[in-house]
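Please walk me through this structure in plain terms.

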Amino acid sequence: MKPQQFTPFSLSRWIFDSFWGWLLGIIVILILSSLLDSIGIENLQFYVGIGVITGMSFAQYRHIRRYFHFNISWMIWSILSFSMPFVLIDGIKHYGLYSFSQNPLMLCVILATFTVSLTQYLLLKKSMPYPWSWCIFSIIGWSLAGIATLALEYTPSLTHNNMIVFIINVILILSGGIFIGIFTGLAARKILTTTDNNTFDKF
């Protein structure tokens, strides 16, 4: 099935929406963290996965529904697939099956990157021919976002100037949505160019 478009695809708009989707995800993380702390639930990381993917999948859904005619299932499957590794590893830690002393958040991010990229690829495959570019570009974008986020641990060792560390941290935090936006946007544009009725806005 070929998607019917009523407005041209804009890569810059996709990137901008991914940026605010990332910010929305950070807000959701802060809200969930506060709620969990208020009821005495600590040392879990599942809310990080739920927060970030909720914001990003919502931003993507606003475009996906227009160009690929997906319903809210895009958000639901994205949230489930991305959050699953976080929930699984939290469960393993909670029941003492394994300690994951070597940065479990990094493992969660790596697994979630692959699960969400593959899940979204399978969703797109139902209506688009050979959307492999989405799977590959999504993995790249999420990986860069994960690296930028995990790099926050090491910025204090770069300099003793707290202001410079703060600026670097802000840049790293905000860059996640841009990385994902650029690469998934390029994938979406590549997929859409396989159809006969698409035109595109330039930057």
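Aromatic residues

Phe9, Trp14, Tyr67, Phe70, Trp74 and Trp134 form one aromatic cluster. The model in view is a predicted one. In total, the structure has twelve aromatic pairs. One of them joins Trp22 and Trp142, whose ring centres are 6.4 Å apart; the planes meet at 55°, so the pair counts as tilted. This pair links distant parts of the chain, since Trp22 sits in helix 1 and Trp142 in helix 5, 120 residues apart. Trp22 is buried, with a relative accessible area of 8%. Trp142 is buried too, at 4%.

Trp142 also pairs with Phe82: the ring centres are 4.7 Å apart and the planes lie at 40°, so this pair is tilted. Because Phe82 belongs to helix 3 and Trp142 to helix 5, the pair ties together parts that are 60 residues apart in sequence. Both Phe82 and Trp142 are buried.

Helix 1

Helix 1 covers residues 11-38. The buried residues of helix 1 are Leu11, Trp14, Ile15, Asp17, Ser18, Gly21, Trp22, Gly25, Val28, Ile29, Ser33 and Leu36. Their cover includes strand 1 (9-10), helix 2, helix 5 and helix 6. An α-helix has 3.6 residues a turn, so residues three or four places apart point the same way. After helix 1 comes Gly40, which has a positive phi, near 80°.

Leu24, Ile27, Ile31, Leu35 and Phe58 make a nonpolar surface patch of about 420 Å². Helix 1 gives the largest share of this patch, four residues. Ile31, a member of the patch, is found in helix 1. Is Ile31 partly exposed or buried? Ile31 has a relative accessible area of 47%, so it counts as partly exposed.

The salt bridge

The structure holds one salt bridge. In it, the side chains of Arg62 and Asp17 meet at 2.8 Å, N to O. Arg62 lies in helix 2 and Asp17 in helix 1, so the pair ties together parts that are 45 residues apart in sequence. Arg62 counts as partly exposed, because its relative accessibility is 29%. Asp17, at 6% relative accessibility, counts as buried.

Thr54 is another residue found in helix 2. With a relative accessible area of 22%, Thr54 is partly exposed. Which residues does Thr54 contact, leaving aside its neighbours within four places in sequence? The contacts are Met75 and Ile79. Thr54 and Ile79 are 25 residues apart along the chain, and their C-alpha atoms are separated by 6.1 Å.

Helix 4 and its cover

Helix 4 runs over residues 104-125. At 1.5 Å a residue, its 22 residues should span 32 Å; the end C-alpha atoms are 32 Å apart, which agrees. Among the buried residues of helix 4 are Pro104, Cys108, Val109, Ala112, Thr113 and Val116. Ser117, Thr119, Gln120, Tyr121, Leu123 and Leu124 are also buried there. What covers these buried residues? The cover includes helix 2 (46-67), helix 3 (73-94), helix 5 (132-150) and helix 6 (162-192).

Ser138 lies in helix 5. Ser138 counts as buried because its relative accessibility is 0%. Not counting residues up to four places away in sequence, Ser138 touches Ser117, Gln120, Ser133 and Thr184. Ser138 and Leu118 are 20 residues apart in sequence, and their C-alpha atoms are 8.9 Å apart in space.

Terms used
Residues are numbered from 1 along each chain as its sequence is written. This is a predicted model: local features need pLDDT of at least 70, side-chain atom pairs count only at pLDDT 80 or more; totals for chains, interfaces and linings use all residues. Side-chain values use heavy atoms; hydrogens and water are left out. Patches are made of residues with over 30% relative accessible area and no salt bridge: like charges are joined within 9 Å, nonpolar side chains (Val, Leu, Ile, Met, Phe, Trp, Tyr) within 5 Å. Accessible areas come from the Shrake-Rupley method with a 1.4 Å probe; for residues, only the protein chains shown count as cover. A salt bridge is a side-chain nitrogen of Lys or Arg within 4 Å of a carboxyl oxygen of Asp or Glu. Helices (H or I, at least four residues) and strands (E, at least two) are DSSP runs, numbered from the N terminus. Buried means under 20% relative accessible area, exposed over 50%, partly exposed in between (1.4 Å probe, protein chains only). The expected span of a helix is 1.5 Å times one less than its number of residues. Contact means heavy atoms within 4.5 Å. Rings of Phe, Tyr and Trp (its six-membered ring) pair if their centres lie within 6.5 Å; planes under 30 degrees apart count as stacked, over 60 as edge-to-face and the rest as tilted.
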